[in-house]
Each structure stands twice: as structure tokens, then as C-alpha cells.
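Please open the model in your viewer and keep the selection panel at hand. The stops below are meant to be followed in order.

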Amino acid sequence: MLLRLPAFIFNAAILLLLLGYVLYPTLATVRQSFLNEQASFTAQYYAALFSAERFAVFRNTVVLSLATVALSGVFGVLLAYSFWRFRFPAKALLSTLFLLPLGLPPLVGVFSFQFLYSESGIVPRFLQSLFGLSTSPFSFEGFWAVLVIHVYSFYVHFFLFASSALARTDYALLEAGENLGASRLTVVFRVLLPLLRPALLSAGLIVFILSVASFTAPLLFGGRSPFLTVEIYTQKTAGSLGDAAALTVGLMMISILALYFFERYAATHRAALAQRGATREVSLERINPVFTALLSMMALFVLLPIAVLVLMSFAENTAASRTILPAMYSFKNYFKVFSEPTAYQPFLNSLTMALLASVPNLLFGLVAGILLAQRRIYAREFVSLLLLLPLALPGTALAVNLIAAFSKPSPLSFGTALVGSYTLLPLAYFIRHLPYITRSVSSALESFDYTLVEAASTLGTPYIRVIGRVIVPVILTAVASGFLFTFISALSEFPCSVMIYNPDNVPISVDIFSQFRLGDFGAASAEGVLLMLLVFALTWISSAVFRTSSSRSGFDF
């Protein structure tokens with residue numbers, strides 16, 4: 001049992017942090033949205049949201065997110081079903097390869113599509129040369145281009161959640177349906193999909209919020225199709241903070257409403273299927289030609305962008321701009337990264353800031369997760385709501401919130417203005433990833449026997465030692481997974497970074513973007529490959545140390 005004094009101190013610290021760095025910046029943005037340039041009250045920015053132009057921005061964002069959920073769901077569930085139902089060569093290897101987009105930083109993945117499918121990309125130029133066309137056969141931009149990139153980036157969430165749910169599915173239920181005369185398709189839709197519903201809803205919520213928050217793909221491929229995150233960035237860089245704030249409030253409301261309806265639906269549709277005895281595992285069938293072709297096309301779709309990124313990282317820029325494929329290759333881009341301080345400094349900046357954010361995330365998540373699981377958190381429902389808020393805050397929205405809150409000195413910033421300082425970006429990383437370790441820890445402790453804690457306390461064990469010797473060993477894997485996720489996410493964060501970085505802490509994601517915009521595709525690709533390898537290395541080391549490879553996902557959303 002938690003001692004009263006430490007529990008009070010920890011509760012006070014948690015509430016202060018959530019109120020000061022989550023709620024206050026959000027309210028500051030709301031306040032900014034009602035102030036004109038003379039700091040007088042106005043509703044003009046919200047009135048502008050009802051114009052035809054702004055309506056198109058909101059419509060495109062919502063429709064894109066819903067379409068992303070639908071197509072990513074179809075892609076991911078079909079993939080998970082194929083691995084669950086069939087046997088085929090190199091199954092374990094292919095399963096790992098299909099997880100690659102999860103470790104591919106979003107910015108890097110978008111650049112891969114730029115190299116492949118943009119008007120001057122490899123595929124259009126190849127088709128133009130093959131058929132002797134005078135112009136590029138297609139233009140990969142606009143709504144559909146962004147949708148394709150989103151499906152590539154986000155299908156893996158459905159793949160993971162559906163795979164986990166299928167592994168727990170009792171095949172006897174499906175077999176019983178077939179024995180009663182139902183066709184296999186009927187069994188899939190009437191029996192299997194309802195069993196997968198909780199997992200698919202969780203994946204759908206994550207993908208919807210990620211799609212709403214997406215910035216790089218709409219920025220580079222949106223073309224004439226406007227999207228909310230890009231519009232916020234445009235208004236902020238143009239100095240129209242009121243417009244940016246009003247758009248940010250609208251963006252937050254979309255995510256918050258999605259989160260609210262998901263939580264409400266999940267709370268009213270919790271169905272449990274009684275299980276008697278051991279579950280029957282699926283009888284694997286030999287893969288048929290239809291699914292063979294389907295898996296082959298999926299594998300090509302997933303692996304081609306990564307292969308092109310690696311190829312371009314060895315390319316000389318002059319050659320890359322004149323031929324379908326680079327004519328000259330060298331290690332110059334990699335030598336540059338490791339030898340020039342201006343090239344490797346962004347890596348050091350990102351590693352430092354990710355560590356500065358993730359260690360406090362670890363400490364906060366550990367304490368808050370334990371208190372939530374023991375139901376000893378003060379104002380539990382209010383705190384839970386504040387902990388969910390960062391999940392619903394896209395990176396651009398969080399950046400605008402922090403700019404609105406800390407552009408002037410305040411007690412929360414210790415009497416200094418944080419905008420333009422080194423501190424603001426690590427703070428943004430910390431706030432953005434607050435919920436993950438907390439939810440991982442609280443989920444891991446749901447079935448924990450707290451009589452062990454009471455026994456240790458009764459024997460006179462100090463409170464801190466009870467946590468370290470009794471609770472931490474139980475939640476170590478969840479803590480490690482949550483820490484890894486927050487560290488990797490902070491390492492490759494771009495939408496928030498590009499809005500609040502300064503010349504002293506340029507992160508690697510912003511540097512990659514800058515190299516690309518300057519036309520140095522080889523350097524941008526090399527940095528992207530190194531960032532991707534760093535993410536994979538961290539994941540592999542964590543899996544080896546904490547033996548989490550048997551569990552594909554350590555998070556409960």
C-alpha cells in the first residue's frame with residue numbers, strides 16, 4: 001500500500017505537471033484564437049473557419065483520415081489473415097519485412113515515395129522512356145497520393161493488432177460455423193470479424209489520429225488539396241497566429257471527438273466470449289494462387305520504397321538528376337555524415353533531446369501508472385482525461401500550444417520565454433509522449449496482486465524499495481517497451497520539430513528535410529538510412545535485452 005506522504009507528493013507533482021504543461025498550453029491556444037493583432041477580443045478567426053476555403057481544409061482532412069483507416073484496415077487485416085491461415089516459404093522473414101514501415105521514420109518514408117513516384121521520380125521516368133512519351137505519364141500528388149503514403153505508413157498498426165487478436169482466436173468457433181453450412185466468406189464476416197472488433201477499433205483510433213496529425217505527406221504531396229496541418233504551418237510561418245490558433249483548436253476537436261466516441265463505444269460494447277478448455281489452433285493450409293499474388297504485390301509495395309532510399313543514399317546528385325537510375329555511386333554521402341560536424345551534429349542533437357525527454361517520461365510514467373493502477377490518483381477521471389489529451393494533440397497543434405503558452409516569461413518557464421530557446425523542443429517531446437509509459441505500466445499492473453506490496457510495507461520496507469523490489473520487476477518489460485517507443489518517436493519527430501526548433505538544436509528530421517529541399521538528395525537519403533538503421537538497432541537491442549520479441553506490441557491503447 002502506498003504511504004500517504006509520498007502518494008500526496010507524487011499526486012501533487014503529477015497534477016502540477018499536467019495542469020501546467022498540458023492543459024495550460026491548450027487553453028493558451030484557445031485564448032490566442034480569440035485575440036486579434038491588437039490583443040482585443042475577436043471571433044473573426046472562427047468566422048473564417050466557416051468559409052468555403054476552410055471547409056475544404058477540414059473536409060479533406062477528415063475524409064483522408066477515414067479513407068486511411070478503411071484502406072489501411074483492409075491491407076493490414078488481409079495481411080494478418082494470410083499469415084494466420086496459410087503456410088508458405090520464408091514466412092517468418094516476410095513477417096519481419098512487413099513490419100519495416102513501423103521502424104521507418106515518417107519523414108524518411110515520404111521521401112522514398114518522392115524518389116519513386118514524383119514527376120521526376122524513377123517510376124514515371126522509366127514509363128516515359130519505355131513508351132517514348134514526351135511528358136511524365138502521371139503526376140503523383142494530391143489527395144490520392146497522400147492516401148497511398150498513409151496506407152503505407154499506417155497499415156502496420158492493423159497488421160499488429162489483428163495478428164495479436166487472431167493468435168488468441170479459437171478456430172473451433174470458425175469450424176463450427178462451417179459445419180453448420182455457412183460459407184467461408186460468411187464465417188469470416190459473421191464470426192471472425194466480430195471477434196477481431198476490439199483490436200480493429202483500437203488500431204482504427206490510432207490510425208485516425210495519426211492520419212489527422214500527418215504533416216510531411218500533405219506538405220510534399222498535397223498539391224492543390226489543402227489539409228489542416230499544412231494550413232496551420234502556413235499561417236504560423238506567415239505570422240498569423242490567430243488563424244493558426246483557431247485552426248489548431250479545430251484540429252484538436254477532431255481528434256478529441258474521435259477519442260471520445262471511441263472510448264464511449266468501447267465502454268458500451270465490451271463483449272466477452274466465454275471460453276471452455278484450451279483454444280483450438282488454426283489448421284494451416286497451403287497458400288493458394290490468389291493470396292500468393294496478393295502477398296507478392298504487398299511485399300513489392302512495402303519493400304520498394306526502402307530499397308530505393310538505400311540506392312539513392314549512394315548516388316551522386318549530378319547523376320541522379322539526369323538518368324532514370326543513378327549512374328554514379330559512392331560512399332561520399334556517408335563519409336560526409338561521419339566526418340563533417342555540421343552533418344553529424346543533428347544526430348547528436350536528436351539523441352540528446354530524445355534522452356532529455358524520455359528519461360522524465362520514464363519517471364513520470366512509472367509513478368503515474370502505479371498510482372492509476374492502485375486507484376490512488378487524485379481526481380482520477382480528470383487526470384485520465386488530461387493523460388489522454390496528448391494522444392489527441394497532433395504535433396503541429398502541440399507546437400502552436402507551446403508557442404502560445406511560452407512566448408512570454410511565466411512561472412512555468414521559470415521567468416524566461418521558452419520560444420526560441422533550446423529547452424522548448426525537448427519539452428514538446430516530453431509532453432507529446434506522456435501517455436505511453438503511463439498506459440503501459442497501468443495495463444501491466446491490472447492483474448497485479450497488491451497483497452505483495454502490503455506484505456512488504458507491513459514488514460517495514462521503505463516505500464521506494466517496495467517499488468524497486470516488488471513492483472518494478474513485474475512491469476519491467478512494459479516500462480522498457482514504453483521507453484523505447486517514446487525515445488524512438490522523439491528521435492524522428494518532425495511536425496512539432498519543424499515549427500519550434502532553433503539553430504542551436506536542429507534535429508535530424510529537420511536536417512533531412514532541409515537537405516531534401518536544397519536538392520541534396522544523396523545526403524538526405526544517407527541520413528534517412530542511418531536514422532532508419534538506428535531505429536532498427538535500438539529495437540533489436542531492446543528486444544534482445546528484455547526478451548520482448550515474442551510480443552509484437554507492448555502498448556494498450
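Begin by selecting Val-151, which lies in helix α8; helices (H or I, at least four residues) and strands (E, at least two) are DSSP runs, numbered from the N terminus. The model is predicted, so that local features need pLDDT of at least 70 and side-chain atom pairs count only at pLDDT 80 or more, while totals for chains, interfaces and linings use all residues. Residues are numbered from 1 along each chain as its sequence is written, and side-chain values use heavy atoms, with hydrogens and water left out.

Val-151 counts as buried because its relative accessibility is 9%, where buried means under 20% relative accessible area, exposed over 50%, and partly exposed in between (1.4 Å probe, protein chains only). Leaving aside neighbours within four places in sequence, Val-151 is in contact (heavy atoms within 4.5 Å) with Leu-71, Ser-72 and Phe-75.

Staying in helix α8, which spans residues 143-167, select Ser-163. With a relative accessible area of 19%, Ser-163 is buried, and its side chain reaches the backbone oxygen of Phe-159 at 2.6 Å. Beyond its neighbours within four places in sequence, Ser-163 is in contact with Ala-80 and Phe-158.

Now display the largest nonpolar core, in which Leu-18, Leu-79, Phe-98, Phe-221 and Ile-500, out of 154 residues, touch the most other members. Helix α8 gives the most to this core, with 17 residues. A nonpolar core is here a set of buried Ala, Val, Leu, Ile, Met, Phe, Trp, Tyr and Cys residues joined through side-chain atoms within 4.5 Å. Which residues is Phe-98 in contact with, leaving aside its neighbours within four places in sequence? Its partners include Leu-79, Tyr-155, Phe-159 and Met-298.

The next stop is a set of charged pairs. A search of the whole structure finds five salt bridges, each being a side-chain nitrogen of Lys or Arg within 4 Å of a carboxyl oxygen of Asp or Glu. Select Glu-231 and Arg-54, whose side chains meet in a salt bridge at 3.7 Å, N to O. Glu-231 lies in helix α12 (residues 228-237) and Arg-54 in helix α3 (residues 52-85), so this pair ties together parts that are 177 residues apart in sequence. Both Glu-231 and Arg-54 are buried.

Move on to Arg-85 and Glu-285, which meet in a salt bridge at 2.8 Å, N to O. Because Arg-85 lies in helix α3 and Glu-285 in strand β2 (residues 285-286), the pair ties together parts that are 200 residues apart in sequence. Arg-85, at 3% relative accessibility, counts as buried, whereas Glu-285, at 26%, counts as partly exposed.

Then select Asp-520 and Lys-336, which form a salt bridge whose closest N and O atoms are 3.3 Å apart. Asp-520 lies in the loop between α25 (508-517) and α26 (521-546), and Lys-336 in helix α16 (residues 332-339), so the pair ties together parts that are 184 residues apart in sequence. Asp-520 counts as buried at 17% relative accessibility, and Lys-336 as partly exposed at 25%.

Finally, select Leu-133, in the loop between α7 (122-130) and α8; Leu-133 is partly exposed, with a relative accessible area of 36%.

Conventions:
Polar contact = N/O pair within 3.5 Å; in protein donor to acceptor, adjacent residues only side chain to side chain.
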